[in-house]
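Subject: Structure handover

Hello,

Please look through it alongside the notes.

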Amino acid sequence: MAEKEKVFEENKTCWELKRYGRFLPKSARGKSRVSWRVFDSSESTGKLLFSIVESGHLLVSQDQELLEGFSLSDAPCFLKVLQKSDILLFRMTAKSEGRMFRIQFAGPNKTEALEQCKSAATQLQKYVPVCPQWDAPPTHAKVQKTTEKGHTNPPEVCAGEQAGISTEVVHGSLSLQQLSQWFLRQTKLSLPVSYYHNPLPSGSLGPFLRLCLLDLNFPSFVEQVEAELNRLARD
């Protein structure tokens, strides 16, 4: 029985959280000086859960709301994970944009919460290294991209802003209408960093597109997709 419980613990892919925090860049804070938006697990708001599903996707949810969700495929290319006590800090970078969030694990006591954190870190290490602790307090941590000349760009600045084009920077999740408008180029959005990550290997894209183009029904399918996107963008 003890061996079965041990195997179950090693294969565990869902953990209950005490707290989830999303780092707010200056553009999203308004007049507030608060750097983090914090979600607590409670009976009224729902339990916070951290999951790593079999497909290799990381999920943070509260009740029926998805707070974080992205593929861990090629995670070392865009993700850094740091552990301190019973907290994991996630730093994500993609296309000059950066964001952070952190999770604190639940438990009847500090020792149990730390064990839950170590269990989750063990599962994460199958996809990305987990450093034992961060060098600076998370409230002062910054994610920046260094150019070849040694200059750094703020993570919230996108190509459109550098060219003088007014672009809305979105943090968190997007609605179907916002995504549809972005695909149709009806709006200028800087998508959250998780939307930039593509789990499909780049070498597989060419053969996949050739297969689609050889299908006689593909042009009609593209037209139907565009029509549906236009409908969603209007809703």
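A charge sits over a ring if NZ of Lys or CZ of Arg is within 6 Å of the ring centre and within 35 degrees of the ring normal. By that rule, the charged end of R102 is over the ring of W36, 4.1 Å from its centre.

This is a predicted model, in which local features need pLDDT of at least 70, side-chain atom pairs count only at pLDDT 80 or more, and totals for chains, interfaces and linings use all residues. Residues are numbered from 1 along each chain as its sequence is written, and side-chain values use heavy atoms, with hydrogens and water left out.

Aromatic rings: there are 10 aromatic pairs (rings of Phe, Tyr and Trp, the last by its six-membered ring, with centres within 6.5 Å; planes under 30 degrees apart are stacked, over 60 edge-to-face, the rest tilted). The Y20 and F101 rings have centres 6.0 Å apart and planes at 45°, so this pair is tilted. Y20 is in strand β1 (residues 14–23) and F101 in strand β8 (residues 97–105), so the pair ties together parts 81 residues apart in sequence. Strands are DSSP runs of E, at least two residues, numbered from the N terminus. Both Y20 and F101 are buried (under 20% relative accessible area; exposed is over 50%, partly exposed in between; 1.4 Å probe, protein chains only).

F23 and W36 pair edge-to-face, at 5.3 Å centre to centre and 70° between the planes. W36 is buried, at 7% relative accessible area.

Cysteines: C117 is buried at 0%, while C131 is partly exposed at 37%. The model has 0 disulfides (pairs of cysteine sulfur atoms within 2.5 Å).

Regards

Terms used:
Helices (H or I, at least four residues) and strands (E, at least two) are DSSP runs, numbered from the N terminus.
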